[in-house]
Amino acid sequence: MRVNRILLSVPLIVVALVVQVSVLARLHLPGAVPDLLLLTVLGLAMIYGHVGGALIGFGAGLLADLAPPADHAAGRYALVLCVIGYLAGLVKPESGQIKSATGPMVVVVGAALGSTLLYAGVGALVGDTAARHVGLTGLLFTAALYDLLLAPFVVPAVMFLARRADNDPLAETNSAGKGTDISSGWLSSGTGLRIGGQRGGLKLKAAKSRATRAGRIKGVKRL
């Protein structure tokens with residue numbers, strides 16, 4: 001990963017984890033807890049792609065596994081977010097810009113459901129049956145609902161910061177040059193005249209005026 005991506009991802013992940021543990025987890029909402037860490041990983045993955053999403057998801061999940069008050073085996077949530085980050089990165093468009101909000105919202109709902117199922121599945125493999133006592137159906141519904149309500153405030157902001165941090169100065173220069181050319185073309189089309197034609201017309205008029213002056217001078221000399 002690029003250095004600027006790491007410098008942006010680490011603070012965002014740390015802040016998301018702190019807010020989730022110290023604020024969201026203490027709201028005592030029915031069912032699941034709003035997963036701010038998952039939404040942050042999704043926003044970064046949809047800009048950085050599947051490889052970056054997998055790496056960021058693994059690091060974020062491992063940090064959540066080690067941060068108190070974690071009561072599960074280390075590496076469990078890291079595996080979940082690694083898979084989710086990889087799959088979310090696959091929806092990244094070639095242009096790097098998502099024009100519609102429908103796609104990210106679908107990704108958020110799918111990630112909320114998928115992470116809950118995968119976390120419960122991994123827990124069943126290691127002997128953790130807490131999801132059975134709470135109710136898997138209620139967890140799925142509340143996880144999708146809470147993350148969907150929180151997503152419009154988190155995912156676009158994360159994607160905006162990731163896109164700004166990942167911009168290439170050369171690309172910005174080229175886009176600025178293209179913008180100048182477009183504005184010049186728009187100006188010329190708005191007036192109905194071409195800039196090149198204006199320059200050629202001015203040169204032709206100047207040549208005619210010089211020829212007229214030369215003819216007058218020669219006529220005076222002949223007299």
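**Helix checks in a predicted model**

User: This is a predicted model, so what makes the span of helix 3 (residues 76–89) agree with its 14 residues?

Analyst: Take 1.5 Å a residue: helix 3 should then span 20 Å, and its end C-alpha atoms sit 20 Å apart, so the two agree. The expected figure uses one less than the number of residues.

User: Which residues of helix 3 are called buried, and what makes them so?

Analyst: The cut-off is under 20% relative accessible area. R76, Y77, A78, V80, L81, I84, G85, A88 and G89 are the buried ones in helix 3. Their cover includes helix 2 (36–66) and helix 4 (102–125). Across the protein chain, 32% of the 223 residues count as buried.

User: Why are helix 1 and helix 2 called oblique?

Analyst: Their axes cross at roughly 45°. Under 35 degrees would be roughly parallel, and 65 to 115 roughly perpendicular; the pair is therefore oblique. The axes of helix 1 (residues 3–22) and helix 2 come within 9 Å, and the crossing is right-handed.

User: Which residues make that contact?

Analyst: On helix 1, they include R5, L8, L12 and L17; on helix 2, L37, V41, L44 and Y48 are among them.

User: How many helices and strands does the protein chain have?

Analyst: There are 8 helices and 0 strands, and along the sequence the pattern reads α-α-α-α-α-α-α-α.

User: What share of the contacts with a separation of 6 or more comes from residues 24 or more positions apart?

Analyst: That's 74% in the protein chain.

Technical notes: Residues numbered from 1 in each chain as written. Predicted model: local features only at pLDDT ≥ 70, side-chain atom pairs only at ≥ 80, totals over all residues. Heavy atoms only, no water. Helix = DSSP H or I, 4+ residues; strand = E, 2+ residues; numbered from the N terminus. Buried < 20%, exposed > 50% of the residue type's maximum accessible area, 1.4 Å probe, protein only. Contact = heavy atoms within 4.5 Å. Axes fitted to C-alpha atoms, helices over the stretch in contact; angles between N-to-C directions. Parallel < 35°, antiparallel > 145°, perpendicular 65-115°, else oblique. Left-handed = near helix turned anticlockwise from the far one by under 90°.
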